[in-house]
Protein chains: 2
Amino acid sequence: MESRERKDECQGGVNVPRRNLLVGAGALAAGMLLTKAGGLLSPDLAQAKAITESWPWPYVKLDPDETAELAYNEWYRLYCGGGVVSSIFSQLREKVGEPYTLFPIEAFIFLEGGVSGWGTICGSNSGANIVTNLIIGPRTAGSVDGMLMGSEIMQWYSDTDLPTYSPKNPKFSGQIPTTVSNSPLCHVSVGRWMKAADKSLGSPERRDRCARVTASVAYHTVELLNAWKDGKYQTKGTIPADFYGIQTMHNCTSCHGSDVPMPPTAKR
Amino acid sequence: MESRERKDECQGGVNVPRRNLLVGAGALAAGMLLTKAGGLLSPDLAQAKAITESWPWPYVKLDPDETAELAYNEWYRLYCGGGVVSSIFSQLREKVGEPYTLFPIEAFIFLEGGVSGWGTICGSNSGANIVTNLIIGPRTAGSVDGMLMGSEIMQWYSDTDLPTYSPKNPKFSGQIPTTVSNSPLCHVSVGRWMKAADKSLGSPERRDRCARVTASVAYHTVELLNAWKDGKYQTKGTIPADFYGIQTMHNCTSCHGSDVPMPPTAKR
């Protein structure tokens with residue numbers, strides 16, 4: 001991180017105050033960029049990058065229960081992807097300020113239903129990956145933990161009997177069945193649940209189930225981020241493409257049955 | 001949009017200069033937020049939202065060829081998702097400034113390989129959706145075109161013999177086969193291509209194919225955004241969940257064979 005910040009400063013040709021020092025002094029009060037003489041600098045690209053493209057983003061530990069409750073309620077406004085991002089970033093907007101105030105959370109409502117209802121990656125997984133990769137940073141910034149934490153969450157999502165979280169004030173008060181998706185995809189996760197519950201997509205049970213799944217993922221994401229903040233995070237995440245020879249989930253037979261094709265492996 | 005900007009100003013309790021006026025005067029020079037008296041305001045949440053959560057984001061028409069060339073080359077640095085976002089936003093950082101300068105493009109490298117190599121949604125589709133939803137805005141801001149343009153791109157991606165774009169200076173100079181994925185998923189798209197080409201994941205041909213697919217998607221995204229800027233965009237996008245009764249792609253038999261289950265449809 002140190003060398004990266006210095007590099008950005010060199011590229012911009014201006015003296016950019018160290019963001020970490022600003023955060024220590026209270027980001028909301030001191031967040032604007034000043035020259036050494038106190039003059040106002042126009043927020044050019046080098047300065048903007050010093051705020052939003054320097055990693056890790058400042059993180060303070062959050063309460064998993066409080067986060068999950070926020071995510072549960074946000075599902076009814078921004079759905080799965082926006083719900084996870086908002087539950088974590090809205091707290092960090094208050095506790096930290098920049099760069100969280102500058103991230104357009106609301107735009108990520110489109111992650112709903114596996115991206116605009118296409119049933120691809122469950123939005124709660126997309127949201128968790130956005131959060132971990134924005135906070136810890138991309139692998140180009142020196143740590144693979146953001147990417148691997150996102151991957152770990154997808155594995156946890158696939159393996160876990162979801163939802164694990166029960167809201168304090170549920171909008172649907174009856175029983176919500178739990179299911180294991182064996183996949184990070186919305187279509188598979190929701191489809192298995194709908195089959196087990198015999199409930200339709202538009203039913204209040206299905207809607208509350210997805211709100212609770214969103215809360216469950218937000219809860220677990222904060223658990224992992226808190227461990228990372230304490231210097232105790234040891235990733236369980238992997239990159240499946242590294243050992244399957246193709247980018248893939250682990251549930252080959254779910255789609256291929258017993259006839260799983262093998263990818264070409266020679267580098268030809 | 002007008003009413004939304006006014007609402008944000010009211011919520012913040014401060015006089016936030018109208019961003020569109022600032023952009024007209026040159027965002028890079030005038031982008032910082034000043035009080036009417038010219039004093040410096042700390043960038044609190046209301047102000048930050050006025051920059052990054054007011055939609056649509058200012059857009060100027062881009063050259064599709066130039067964008068595709070940028071995306072092709074960026075694939076070799078940020079891969080599919082980051083490549084699409086960077087190819088479009090890097091130009092808009094130069095031509096417009098904020099809010100593009102404040103968006104952490106580089107973090108989105110994690111979209112590679114269908115999110116960290118899991119083979120879910122192809123990163124070029126994720127990147128295109130991020131771009132259309134950030135520029136046009138989420139549906140909560142008054143237009144569904146951002147979401148539907150993203151959906152239209154996924155449909156185009158699924159139906160088109162890809163890649164459609166040939167770079168000016170290819171890193172791999174041989175022939176690259178083209179394939180139709182019939183799916184927005186990385187695993188299916190890459191898998192079908194690897195089977196047709198008989199090339200491995202690590203081969204230079206597969207890598208260049210994905211760089212060219214990224215360029216193709218960036219090209220088409222800019223075509224649609226330019227039409228939207230001209231007021232001529234009429235979406236072909238749909239939300240599959242609206243008519244299938246489950247969030248899904250259209251290629252049911254690809255995974256289910258002839259035994260496609262029907263989702264519960266009664267609202268029970």
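Which residues in α4(B) are buried? Gln47(B), Ala48(B), Lys49(B), Ala50(B), Ile51(B) and Thr52(B) are. Here a residue is buried if 20 or more other C-beta atoms lie within 10 Å of its own, exposed if 12 or fewer, and partly exposed in between, with C-beta atoms placed from the backbone. The notes below start with the basis of the model and then go through the structure.

1. **Basis.** This is a predicted model: local features need pLDDT of at least 70, side-chain atom pairs count only at pLDDT 80 or more, and totals for chains, interfaces and linings use all residues. Residues are numbered from 1 along each chain as its sequence is written, while chains are lettered from A and ligands numbered from 1 in the order in which they are written.

2. **Confidence.** The predictor gives the complex an ipTM of 0.85 and a pTM of 0.85. Chain A has an average pLDDT of 85 (the predictor's confidence in each residue, from 0 to 100). In chain A, 83% of the residues score at least 70. Read residues 1-42 of chain A with this in view: their pLDDT stays under 50. The model still has 63 contacts beyond four places in sequence for that stretch. Two residues are in contact if their C-beta atoms, placed from the backbone, lie within 7 Å.

3. **Fold of chain A.** Chain A has 11 helices and zero strands. Helices (H or I, at least four residues) and strands (E, at least two) are DSSP runs, numbered from the N terminus. Of the 268 residues of chain A, 53% count as buried. Among contacts in chain A with a separation of 6 or more, 67% are between residues 24 or more positions apart.

4. In chain B, six of the eight residues of α4(B) are buried, so the helix is largely enclosed by the rest of the structure.

5. **The interface.** The contact takes 72 residues from chain B and 72 residues from chain A. On chain B, α3 (27-30), α4 (45-52), α6 (123-135), α7 (145-159), α8 (186-197) and α10 (241-244) each supply at least two residues of the side that touches chain A. By class, that side of chain B has 35 nonpolar, 26 polar and 11 charged residues. Ala, Val, Leu, Ile, Met, Phe, Trp, Tyr, Cys and Pro count as nonpolar, Asp, Glu, Lys and Arg as charged, and the others, Gly among them, as polar.

6. **Symmetry.** Two copies of a chain are related by a rotation about an axis and a shift along it.

7. **The core.** The largest nonpolar core has 138 residues. Such a core is a set of buried Ala, Val, Leu, Ile, Met, Phe, Trp, Tyr and Cys residues joined through C-beta atoms within 7 Å. Val84(A), Ile88(A), Ala218(A), Val84(B), Ile88(B) and Ala218(B) touch the most other members. Not counting residues up to four places away in sequence, Ile88(A) touches Leu62(A), Thr67(A), Val131(A), Ala218(A), Thr221(A) and Val222(A).

8. **Backbone points to check.** Most residues other than glycine have a negative phi, and most peptide bonds are trans. The peptide bond from Glu98(A) to Pro99(A) is cis, with omega near 0°. Pro99(A) is in the loop between α5 (64-95) and α6 (123-135) of chain A. Another cis bond joins Trp55(B) and Pro56(B), with omega about -5°. Tyr79(B), not a glycine, has a positive phi of about 65°. Tyr79(B) is in helix α5 of chain B and is buried, with 23 other C-beta atoms within 10 Å. Val115(B) has a positive phi near 75°. Val115(B) lies in the loop between α5 and α6 of chain B and counts as buried, with 28 C-beta neighbours inside 10 Å.

9. **Lys236(A).** Lys236(A) sits in the loop between α9 (204-229) and α10 (241-244) of chain A. With 13 C-beta neighbours inside 10 Å, Lys236(A) counts as partly exposed. Leaving aside neighbours within four places in sequence, Lys236(A) is in contact with Glu152(A) and Gln155(A).
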